[in-house]
Each structure stands twice: as C-alpha cells, then as structure tokens.
Amino acid sequence: RLERAREAIPKTSAVARERIADAEAEVGRLNDIVEGLLAIARAEGGASTVTTMDVAVIAHDRVESWRALAEERGITMAFDGVDSALIRAIPSAPEQIIDNYIDNAIAHSPSGTAVLVKVRKAHDAVTVSVIDAGSGLTAEQCERAFDRFWRADSTSEGTGLGLAIVKHLAELGNATVSLAPRSRDGGVIASVVFPVA
C-alpha cells in the first residue's frame, strides 16, 4: 500500500515522498524482526536432524561468496584452514552461522583491513573463527551480543536478532558459539565450535 501511495503522489511533493520512503524503511525493519523471530521459533520447536558435512569446504565457499562485497568496501577476505574437516550439524546451520559472522565483520571493519576465516581441527571438535579488525567489543559486550534484540550501537541498522539465531542454530547441533575481543586496539574473534563427525 505504501508503494502504491508513493506512485500516486505527484513528483513535485518531495516531503510526502520522503515520509513514505521512511515508512517503507520502517516496514522493512519490522519485517526483518518478524522473520528473525520466526527463525528462532522454528529453531526452538523444530526437529533437529543432525548430519555430517565438511565445514572446511563450507567456510571456504562462504569466503569466496563474500569476497566481492568485501572488496567493494576495501576489505580483504582471506581463508586459513585445513582442506577438510567433517562435523555434525543441522543442515544449513554452518552456512548461516558463518554468513552472519562474516556479515558482521564486514559491516564493522574499516577500509584497508582484512577479515580472516580460520578453520582448526582438534581431536573432538572443529573451530571456525571469523576475525576482523573493526571497532571491537568489550568482554561484557561479547557476552551480551547473543541476547535477542541487543545491539552494541543502538543507532546502527539491524534487528539484534542475527546472533541470537546463530546461537540457537549452533545449540541444536550441539555446537557452541562465542565472541571475544581481538586486542586492545579493536577487532572481534567470532567463533563456533562443532563436534567432529
């Protein structure tokens, strides 16, 4: 209805067009919140079928998928990890978790920095970490970041649901997630630890 109203407004009425555009943006934000809440509800109530997959291949593919956007913003994407790492997880969870981490890293990294995706294999677990050189978070903020609707910067875009969804997806497959400050100068290390297959 807002889109139709915008089309009906004379082109000379800039103020009305601007107000409708603001309303459309708000509807889009509310839609994102609803979609996020539905994703959490499905994750909490749905069956969690766990399957075997290669998270090293998945992580490398996600780096390649995000590379063009990162380069547009002057950010280098890099992968550092083993060639293969079999894990147990629910379908599509590793992709969604890694995508969310990379999206956050790119959004908070200044031009001229790098985002590194690391995959490390141990005896009973595989750790995937996304490391950035952005403004960073305190240890307390890292703890709170997985709470629903929490955002470090209330003026920034986003619903505050992305990391809450990440946490639920991980827990359904017996994985764990964490954020940690990279250094005093900034940056965040976003990690997920999956059980090995």
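Mentor: Start with the charged pairs: this predicted model holds 4 salt bridges.

Trainee: Why is the pairing of arginine 62 with aspartate 99 called a salt bridge?

Mentor: The cut-off is 4 Å between a side-chain nitrogen of Lys or Arg and a carboxyl oxygen of Asp or Glu. In arginine 62 and aspartate 99 the closest N and O atoms are 2.8 Å apart, so the pair meets the definition. Arginine 62 belongs to helix H3 and aspartate 99 to helix H4, so the bridge ties together parts that are 37 residues apart in sequence. Both arginine 62 and aspartate 99 are buried.

Trainee: What separates arginine 67 from glutamate 64 in helix H3?

Mentor: About one helical turn, because they are 3 residues apart in that helix. Arginine 67 and glutamate 64 also form a salt bridge, with 2.6 Å between the closest N and O atoms.

Trainee: Why is arginine 67 called partly exposed?

Mentor: Partly exposed covers the range between the 20% limit for buried and the 50% limit for exposed. Arginine 67 has a relative accessible area of 23%, so it is partly exposed. Glutamate 64, at 40%, is partly exposed too.

Trainee: What makes arginine 120 and aspartate 80 a link between separate parts of the chain?

Mentor: Their side chains meet in a salt bridge at 2.7 Å, N to O. Arginine 120 lies in strand E4 and aspartate 80 in strand E2, so parts that are 40 residues apart in sequence are tied together. Arginine 120 has 37% relative accessibility and counts as partly exposed. Aspartate 80, with 32%, is partly exposed as well.

Trainee: How do you know which residues make the contact between H3 and H4?

Mentor: Contact needs heavy atoms within 4.5 Å. On the H3 side the contact includes Val55, Arg62 and Trp66, and on the H4 side Pro94, Asp99 and Ile106. By class, the contact has 10 nonpolar, no polar and 4 charged residues. The axes of H3 and H4 come within 10 Å and cross at roughly 35°, and the crossing is right-handed.

Trainee: Which residues touch the most other members of the largest nonpolar core?

Mentor: Val55, Met77, Tyr101, Leu179 and Phe194, out of 43 residues in that core. Helices H3, H4 and H6 are among the elements that each supply at least two residues of the core. Phenylalanine 194 touches Val55, Ile87 and Val126, among others.

Notes: Residues numbered from 1 in each chain as written. Predicted model: local features only at pLDDT ≥ 70, side-chain atom pairs only at ≥ 80, totals over all residues. Heavy atoms only, no water. Core = buried A, V, L, I, M, F, W, Y, C linked by side-chain atoms within 4.5 Å. Buried < 20%, exposed > 50% of the residue type's maximum accessible area, 1.4 Å probe, protein only. Helix = DSSP H or I, 4+ residues; strand = E, 2+ residues; numbered from the N terminus. Axes fitted to C-alpha atoms, helices over the stretch in contact; angles between N-to-C directions. Left-handed = near helix turned anticlockwise from the far one by under 90°. Nonpolar A, V, L, I, M, F, W, Y, C, P; charged D, E, K, R; others polar. Lists of a residue's contacts leave out its neighbours within four places in sequence.
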